[in-house]
Amino acid sequence: MTGEGKTHEKGHHTRGHDRGGHWSSRNRQRKHDDRRHHEDRRNQDEKRDSGVDESLPVVKMFRAFQLELDDRYDRYERLVKLGRDVTIESKRIIFLLHRIIRNEDKDKILAEANRKICDLNTSALREIAMELRGQSYYLYLRAFSPGVQEYVEAVTFFHYIKDGHLITLDDIHKALVFEEQPEEPESDTAAAEPTSAGENPPATFSLEITPLDYMLGIGDLTGELMRKCINAVGQGNLEEPFMLCSFLRDMYAAFLTFGNTAGRDMSRKVWTLCQSLRKVENACYTIKVRGSEIPSHMLADMFNTVYPEKESPDCG
């Protein structure tokens, strides 16, 4: 290559290098200007905030809104945590009740389960009731509704094993009435407000369970009864499945009367109830028809058949 070509090539690379350096310096300058612009805006915002006149009625109104919303969000999060605690403890009670194998262990396990239910009433459920005092119940219902449904499932399962019948919603409410303690204010905002001399706080407060949560909890109960039926067959008790089958049939017929008016959650519970009932009916059929052909300790293995959805009966 000639000297002129080398000179031209060198000049070409030199111009490219200079142009790249020029653009990089412009980018650095632009970033510096943007950073300084953001700092200036932040300083202006701080000055503007510091210059707010707190005595203005509009400012006072929005400060009150801020306190109210912060209190509402904090209470909602506390209720979510309490609802999770109720769910965990209720599941432990259900697992404990499934450990009843012999009649000799029944009274001991029922006493322990009853103690756990009482402890749950006086701890997490009492705190939920305290959080809801003076507040809109349905505003926070979604925060603890799953825990309440699990609690209903545990309590109804306990009373069915103990007494052989379904406990009513009113009976559950009787256990959720608490006595007020002097050191327990209704809420943070209510504690700051002075009370008049003629008004006395109520002596008791309670936690209300909605009929829908009660029904959804009973829908979950059917799954536990189905497991109890299979466990009873495995233990050689061939009479209890027929009692459970009759109970589940009555419950299924009662649920069908609601139709689709109770929402999507109720429809799913009815479908689950239908599947549980079919498994129990299959167990009763196997015991009645094929019980003489299959040893009693092998009958439980015959009930683990999974029915596909297309072959399932119409569940309403």
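Domain bounds, as used here, come from an automatic or database domain assignment. The structure described in this passage is a predicted model, in which local features need pLDDT of at least 70 and side-chain atom pairs count only at pLDDT 80 or more, while totals for chains, interfaces and linings use all residues. Residues are numbered from 1 along each chain as its sequence is written, and side-chain values use heavy atoms, with hydrogens and water left out.

The secondary structure amounts to 9 helices and 2 strands, where helices (H or I, at least four residues) and strands (E, at least two) are DSSP runs numbered from the N terminus. Along the sequence, these elements follow the pattern α-α-α-α-α-β-α-β-α-α-α. The protein has 316 residues, and 35% of them are buried. Here buried means under 20% relative accessible area, exposed means over 50%, and partly exposed lies in between (1.4 Å probe, protein chains only).

Next comes the largest pocket, which holds about 410 Å³ of space. Its lining is made of 20 residues, and those closest to the centre are K106, I161, K228, N237 and E240. The elements that give two or more residues to this lining are α3 (103-132), α4 (141-163), α7 (211-234) and α8 (240-256). Of these, α8 provides the largest share, with 4 residues. The lining of the largest pocket also draws at least three residues from each of domain 1 (58-180 + 203-209) and domain 2 (211-293). Sorted by class, the lining has 10 nonpolar, 6 polar and 4 charged residues. In this sorting, Ala, Val, Leu, Ile, Met, Phe, Trp, Tyr, Cys and Pro count as nonpolar, Asp, Glu, Lys and Arg as charged, and the others, Gly among them, as polar. For readers who wish to know how such spaces are found, the search runs on a 1 Å grid over the protein atoms alone: a cavity is a set of points where a 1.4 Å probe fits but cannot get out, whereas a pocket is an open set with protein on both sides within 12 Å along at least five of seven lines, and lining residues have an atom within 4 Å of a point. Grid points are joined across faces, edges and corners, and a volume is the space filled by probe spheres set on the points.

An unreviewed UniProt entry places the feature "binding site" at E153 and E224. Although these positions are spread over 72 residues of sequence, they cluster in space, with a largest C-alpha distance of 8.6 Å. UniProt positions are given in the numbering used here, feature names are shortened, and annotations may be inferred rather than shown by experiment. E153 belongs to helix α4 and counts as buried because its relative accessibility is 3%. Helix α4 also contains F158, which is buried, with a relative accessible area of 3%. The C-alpha atoms of F158 and L97 are separated by 7.1 Å, with the two residues 61 apart along the chain. In helix α7 sits G217, a residue that counts as buried because its relative accessibility is 0%. G217 and Y151 are 66 residues apart in sequence, and their C-alpha atoms are 7.6 Å apart in space.

Charged pairs complete the description. Side chains of opposite charge can pair when their charged atoms come close. The structure holds 15 salt bridges, each defined as a side-chain nitrogen of Lys or Arg within 4 Å of a carboxyl oxygen of Asp or Glu. One of them joins D71 to R75, with the closest N and O atoms 2.6 Å apart. Both residues lie in helix α2 (residues 57-97), 4 residues apart, or about one turn of the helix, and both are buried. Another salt bridge links D171 and K174 at 3.7 Å, N to O; these residues are 3 apart in helix α5 (residues 169-174), again about one turn. D171 counts as partly exposed because its relative accessibility is 33%, whereas K174, at 62%, counts as exposed. In helix α9 (residues 264-290), R268 and D265 are 3 residues apart and so separated by about one helical turn, and their side chains meet in a salt bridge of 2.5 Å, N to O. R268 counts as partly exposed at 45% relative accessibility, as does D265 at 37%. Finally, salt bridges that share partners join D71, R75, R78 and E131 into one network.
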